[in-house]
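Keep the structure open while reading.

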Amino acid sequence: MRGQEPLLEVKDLRAYYVTKRGIVRAVDNVSFDIMPGECVGLLGESGCGKSSLALAIMQLFDRVAKFAAGTSGARAALDRYLESQEQGGPVRHGVQGSIIFRGRDLTTLPEEELVRVRGREISLIPQGMTRALNPQFSVGMQTGEPVAIRETQVRLKELREKVLQYLNLVHIPDAGTRFVLDPGSFSGGEAQRILIAMALINGPYLVIADEPTSALDMTVQRQIMNVLQMVKEEFDVSLLIISHDAGVIAELADRVAVMYAGRIMEYGDAVQMFHEPGHPYTQGLMASFPTIVMMQMQAGKKRPRLRGIPGDPPDLTDIPSGCPFHPRCQFAQDRCREEIPEYREVGPRHWVMCHRYEELQSNGP
Ligand SMILES: Nc1ncnc2c1ncn2[C@@H]1O[C@H](COP(=O)(O)OP(=O)(O)OP(=O)(O)O)[C@@H](O)[C@H]1O
Ligand code: SF4
Ligand SMILES: [Mg+2]
């Protein structure tokens, strides 16, 4: 993988909502990359900005943001303010920074090319979309729609074969007879797998799956995980799996980005992140993640004690000064309260945003 060009390189990305409560800094100076064929996990507590980051990458952020209570005047004022900042640059689709995908910057790509990228090259499976399948059209028709849009001349027989191939791939039972049925005839888990089939059918370079297993029961979650594992192994595609569940990320990801208060706190190799987390926040997250031993204890009816992180994540309209994690960090010092730590590469392909990283590494926490 070393020496290869990243498939996606996000640099200094910002995406803010304007609301009546104030400016929500949902994505704040985020930088990370995804290599070809790699599965990256984006892990963080609820409300830290994960879905906003996915929407910003797709250049769809403003479509969601415009439903916020802010007026267009307030949005324009915010964009002007961001552009006037020292590291400012143009704001487009409510997003500032750069998103280099296959050598092109999506933030400057003409709209018609962006539409092509969204339809063929990057697929987003948005959070909570299983109920968004259109009840008026058959599942087969909806699964084939991305292909029909791309190839207007596609023959019906070919399209049908392709749809069945993909529905079978994601293990939809009796797809050959059921593909004519409407989405109401499929379970929530099946609907999620149908969305995965739709995301794959045009052969994208990158699939972003936002909380693919949440709101589903354990058995159904397992089926989704198996399908994602199969996609990872069998398809020549990069994956960005977004989850608040460390178990999901542990099972699938090659590299993990830990997000907190709109920022990436640590980004590194998955094995390292789970076994030797470097950032105090990652350490807290991983300590609250039930290990296999803990699960075995649970099976034996002994309740495991999860250490967890004291306190709550901040309100993104009022992010703490300095390091955003300082009110919850047991290692916080004056500098942490005053200065925002740099997000820096501390080892090969390992980034950390903490003033005290080296010191805590050498002394041990
Ligand atoms: N359309 C919107 N308008 C205004 N604020 C929003 C909007 N969508 C999200 N937010 C706010 O932006 C912040 C980040 O939200 P986001 O949905 O990106 O977080 P998340 O990490 O995906 O959370 P979850 O794990 O619950 O899905 C939150 O404070 C949220 O309240
Ligand atoms: S910068 Fe300071 S407060 Fe933030 S994580 Fe590091 S030690 Fe904790
Ligand atoms: Mg989300």
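## A buried proline

Pro324 is buried, having 26 other C-beta atoms within 10 Å. A residue is called buried if 20 or more other C-beta atoms lie within 10 Å of its own, exposed if 12 or fewer, and partly exposed in between, with C-beta atoms placed from the backbone. The model is predicted: local features need pLDDT of at least 70, side-chain atom pairs count only at pLDDT 80 or more, and totals for chains, interfaces and linings use all residues. Residues are numbered from 1 along each chain as its sequence is written, and chains are lettered from A and ligands numbered from 1 in the order in which they are written.

Pro324 sits in the loop between helix H13 (292–299) and helix H14 (334–338). Helices (H or I, at least four residues) and strands (E, at least two) are DSSP runs, numbered from the N terminus. Leaving aside neighbours within four places in sequence, Pro324 is in contact with Tyr260, Ala261, Arg263, Pro314 and Ile319. Contact means that C-beta atoms, placed from the backbone, lie within 7 Å. Leu156 is 168 residues from Pro324 along the chain, and their C-alpha atoms are separated by 54 Å.

## Positive phi

Most residues other than glycine have a negative phi. Ala261, one of the contacts of Pro324, has a positive phi near 50°. Ala261 lies in the loop between E10 and E11. It counts as buried, with 23 C-beta neighbours inside 10 Å.

Asn29 also has a positive phi, near 65°. Its place is in strand E2 (residues 22–34). Asn29 is partly exposed, with 18 other C-beta atoms within 10 Å.

Val30 lies in strand E2 as well. Val30 counts as buried, with 26 C-beta neighbours inside 10 Å. Beyond four places in sequence, Val30 is in contact with Val10, Leu13, Leu53, Arg263 and Ile264. Ser51 is 21 residues from Val30 in sequence and 13 Å away, C-alpha to C-alpha.

## H5 and its partners

Two packed helices are described by the angle between their axes and the distance between the axes. Here axes are lines fitted to C-alpha atoms, for helices over the stretch in contact, and angles run from 0 to 180 degrees between N-to-C directions. The axes of H5 (residues 139–150) and H8 (residues 188–200) come within 7 Å and cross at roughly 30°. H5 and H8 are therefore roughly parallel. Angles under 35 degrees count as roughly parallel, over 145 as roughly antiparallel, 65 to 115 as roughly perpendicular and the rest as oblique. Val139, Gln142, Thr143 and Pro146 of H5 meet Ile194, Ala197 and Met198 of H8. This contact of H5 with H8 has five nonpolar, two polar and no charged residues. Ala, Val, Leu, Ile, Met, Phe, Trp, Tyr, Cys and Pro count as nonpolar, Asp, Glu, Lys and Arg as charged, and the others, Gly among them, as polar.

H5 and H6 (156–169) pack at about 115°, with axes 9 Å apart. That makes H5 roughly perpendicular to H6. Gly140, Thr143, Gly144, Val147 and Ala148 of H5 meet Leu159, Lys162, Val163, Tyr166 and Leu167 of H6. By class, the contact of H5 with H6 has six nonpolar, three polar and one charged residues. The buried residues of H5 are Val139, Gly140, Gln142, Thr143, Gly144 and Val147. Their cover includes H6 and H8.

## H8 against H9

The axes of H8 and H9 (residues 218–234) come within 9 Å and cross at roughly 15°. H8 and H9 are therefore roughly parallel. The contact of H8 with H9 has six nonpolar, four polar and one charged residues.

Seven of the eight residues of H12 (residues 280–287) are buried, so H12 is largely enclosed by the rest of the structure. Those buried are Pro280, Tyr281, Thr282, Gln283, Gly284, Leu285 and Met286. What covers them includes strand E3 (39–43), helix H10 (246–252), strand E10 (255–260), strand E11 (263–269) and helix H11 (270–275).

The largest nonpolar core has 92 residues, and Ile208, Ile241 and Val258 have the most contacts inside it. Such a core is a set of buried Ala, Val, Leu, Ile, Met, Phe, Trp, Tyr and Cys residues joined through C-beta atoms within 7 Å. Beyond four places in sequence, the contacts of Ile241 include Cys39, Gly41, Ala209 and Leu228.

How values were computed. Contact = placed C-beta atoms within 7 Å.
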